[in-house]
Amino acid sequence: MTPVHVTAEVLASKRIGAHQHLTLVAPGVGERFRPGSFVAVSVGSAAERWHLARRAFWIHQVRPLGGYAATVTLVVEPRGPGSRWLAARQRGDTVEVTGPLGGRAFALPKEPVPVLLVGEGYAAAPLFTLAERLRERDCPVSLVLGAADEAHLLSALEARRIARSVTVVTGDGSVGARGTVPDVLPEALRRSGAAVVYAAGSTPTLHAAALAAEEHGAWSQVALEQQTTCGTGLCLGCPVPVVGEEGVARTARACVDGPVLRGDRVRWGDLR
Amino acid sequence: MTVTVAGLVLASPVMVASGCAGTGRELAGYAPLSTYGAVVTRSITRDPRPGAQVPGIAETPAGLVHATGLPNPGLDGFLATELPWLLTEGARVVVSVVARELGEYAEVARRLATAPGVSAVEVNLAQPDAVAAGVLDVREPFHVGAAVSAVLRELPRGVPVLAKLRPDTVRVAEAVKVAADAGAAAVVLGGALPAALPDGRDAGLSGPAVRPLALRCVADARRALDAAGATCDVVASGGIVTPQDARAFLDLGAVAVQVGSALLHDPTTAARLATALSTPEVTP
Ligand SMILES: Cc1cc2nc3c(=O)[nH]c(=O)nc-3n(C[C@H](O)[C@H](O)[C@H](O)COP(=O)(O)OP(=O)(O)OC[C@H]3O[C@@H](n4cnc5c(N)ncnc54)[C@H](O)[C@@H]3O)c2cc1C
Ligand SMILES: Cc1cc2nc3c(=O)[nH]c(=O)nc-3n(C[C@H](O)[C@H](O)[C@H](O)COP(=O)(O)O)c2cc1C
Ligand code: FES
């Protein structure tokens with residue numbers, strides 16, 4: 001999965017709820033992607049370089065569009081300076097992107113075992129292509145989707161197409177049950193009989209997913225969102241405390257040793 | 001465009017700065033490592049260091065503030081795996097070293113002296129968070145001289161020492177003269193500027209924000225060395241991104257430039273710079 005650095009062109013930009021769905025023509029990025037890989041975006045024009053740190057975004061979708069073989073769609077939640085800048089890009093604008101990044105994407109099971117996918121807000125973005133890959137392997141897919149409110153919930157309709165069972169939970173109860181993802185996890189796990197839990201969301205949610213999986217004797221694969229200054233493995237500034245193969249504590253790099261890690265490998269108490 | 005830096009003939013005046021290329025592997029995917037005049041490794045210590053356990057990089061206007069804690073596999077680990085790999089990839093390798101005290105500098109240099117493929121040694125006397133990182137805190141010019149001598153004494157002829165110094169405009173003239181007297185074949189100006197992270201941790205400031213300061217240091221260093229009749233080269237580091245940036249430093253007498261944080265922003269920066277500098281500037 002050798003990443004490339006390209007000047008991407010915005011092919012489409014669509015507001016859906018609280019998110020901006022941005023489709024990019026980024027030659028070489030989509031062709032090589034795996035569910036759980038991400039792109040690093042430069043904020044601002046290339047000449048400006050006011051923001052040196054890059055912003056990471058999950059690859060949500062890769063599909064042929066407008067004559068291009070593999071366009072890349074990102075789901076951007078405008079929050080701070082970087083995401084607001086990106087969300088404001090219009091059709092025809094250019095954006096510097098590097099990708100696909102990540103040394104470890106979601107690992108797929110060898111057997112057709114039941115799986116539970118857990119996504120929170122925009123972070124559910126990589127789970128849809130993951131679900132497709134899992135279904136190709138005949139894994140029964142269950143899905144938990146959560147968000148603060150309906151506007152921040154990602155594609156619940158699409159979810160019902162790809163998963164055999166979908167649990168929706170929102171903080172304000174605007175759609176689905178009222179509560180948080182961790183609230184509904186144990187029940188969803190029990191019903192799905194999942195052997196693997198795939199989770200993407202805030203750190204507390206990932207931690208909850210890892211714990212719940214462990215209690216149910218399931219494996220977990222968590223997609224961490226640690227701040228990634230470069231995203232490419234160059235700056236050594238994205239430490240994740242983990243337990244290595246031999247059981248010894250070591251420090252992994254979120255961007256190249258992750259961003260997807262086994263939940264039982266992360267030393268959650270030491271994670272900042 | 002070949003250049004001679006510290007007596008070494010390099011394929012390009014563009015070098016990869018210390019600590020901004022991961023292990024080298026992560027950069028190799030974007031351009032062959034032979035593209036660069038040299039790849040300076042992250043600073044290697046005698047013993048392995050895990051580095052900071054909490055994220056230590058923050059963004060600031062046109063800059064990065066960083067305290068990554070010098071993560072590296074230690075000299076043995078570096079010599080066993082990273083160095084051979086860099087060499088098979090065709091990189092010209094400059095090993096950056098940093099130590100707690102002079103004896104440790106000498107010990108590290110002694111072991112590097114027998115390692116094949118080390119083109120030069122860059123002594124990191126510019127660690128911006130030296131005390132917090134637990135390495136020699138270079139405050140006085142005589143520290144520079146002592147560390148350069150300690151390393152140089154152990155190295156075979158033909159393996160030059162580059163002294164990387166703090167971009168301290170007040171004392172730069174004095175520091176470069178001491179480095180040259182001690183036998184440094186080049187000075188690198190400068191490292192990251194001493195700064196602090198938003199939470200107050202000691203750190204370094206890098207990026208375009210420090211470029212004017214680095215430019216001043218390079219100018220003063222070249223002047224001071226010329227006045228003293230020293231043959232020591234000046235290598236520039238600090239906020240270099242574009243060909244214009246690089247040319248400004250070369251015009252002031254630097255023989256080469258190092259690209260650091262710009263690589264974190266765009267991993268192809270240094271390769272593109274090398275290409276741009278190898279074609280003559282078009283004057284309108
Ligand atoms: C693997 C991964 C995947 C992600 N996927 C998505 C996604 O699909 N959709 C989405 O909306 N968001 C995603 N994010 C979060 C996204 O990268 C940004 O962090 C988020 O958009 C907020 O950035 P911001 O600049 O808008 O603002 P803020 O978070 O408000 O930034 C505040 C300040 O923090 C500093 N800062 C921000 N990032 C960095 C950095 N990398 N290094 C140093 N300093 C920094 C800057 O000074 C900035 O001004 C992902 C993050 C990771 C790590
Ligand atoms: C994340 C990071 C890590 C660095 N690590 C080292 C290091 O290990 N040794 C060293 O001598 N300089 C280190 N530096 C300093 C750079 O090599 C360079 O001298 C400095 O950042 C100024 O150049 P720049 O503006 O091009 O980055 C580091 C810089 C950054 C941003
Ligand atoms: S973000 Fe730079 S090494 Fe991971």
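In the predicted model, the side chain of K164(B) places an N or O atom 2.8 Å from an oxygen atom of ligand 2. The protein covers 95% of the 600 Å² of accessible area that ligand 2 has on its own. Two further polar contacts of ligand 2 involve S237(B) and G260(B). For S237(B), a polar side-chain atom lies 2.9 Å from a ligand oxygen atom.

The surroundings of ligand 2 comprise 20 residues. The closest of these are S18(B), S43(B), S206(B), G239(B) and S261(B). By class, the shell consists of 14 polar, five nonpolar and one charged residues. The space that ligand 2 takes is the largest cavity, and the ligand itself lies between chains A and B.

The contact between the two chains was also examined. Chain A contributes 31 residues to this contact and chain B contributes 36 residues. Between them, chain A and chain B bury about 2700 Å², and carbon and sulfur atoms account for 60% of this area. On the chain A side, the most area is lost to chain B by R49(A), L52(A) and L234(A). Together, these three residues make up 30% of what chain A buries in the interface.

Definitions and conventions
Residues numbered from 1 in each chain as written. Chains lettered and ligands numbered in written order. Predicted model: local features only at pLDDT ≥ 70, side-chain atom pairs only at ≥ 80, totals over all residues. Heavy atoms only, no water. Near = heavy atom within 4 Å. Polar contact = N/O pair within 3.5 Å; in protein donor to acceptor, adjacent residues only side chain to side chain. Areas by Shrake-Rupley, 256 points an atom, 1.4 Å probe, with all protein chains shown as cover. 1 Å grid on protein atoms, 1.4 Å probe; cavity = no way out; pocket = protein on both sides within 12 Å on 5 of 7 lines; lining within 4 Å. Sits in = over half its atoms within 2 Å of the grid points. Nonpolar A, V, L, I, M, F, W, Y, C, P; charged D, E, K, R; others polar. Contact = heavy atoms within 4.5 Å. Buried area = accessible area lost by both parts, 1.4 Å probe.
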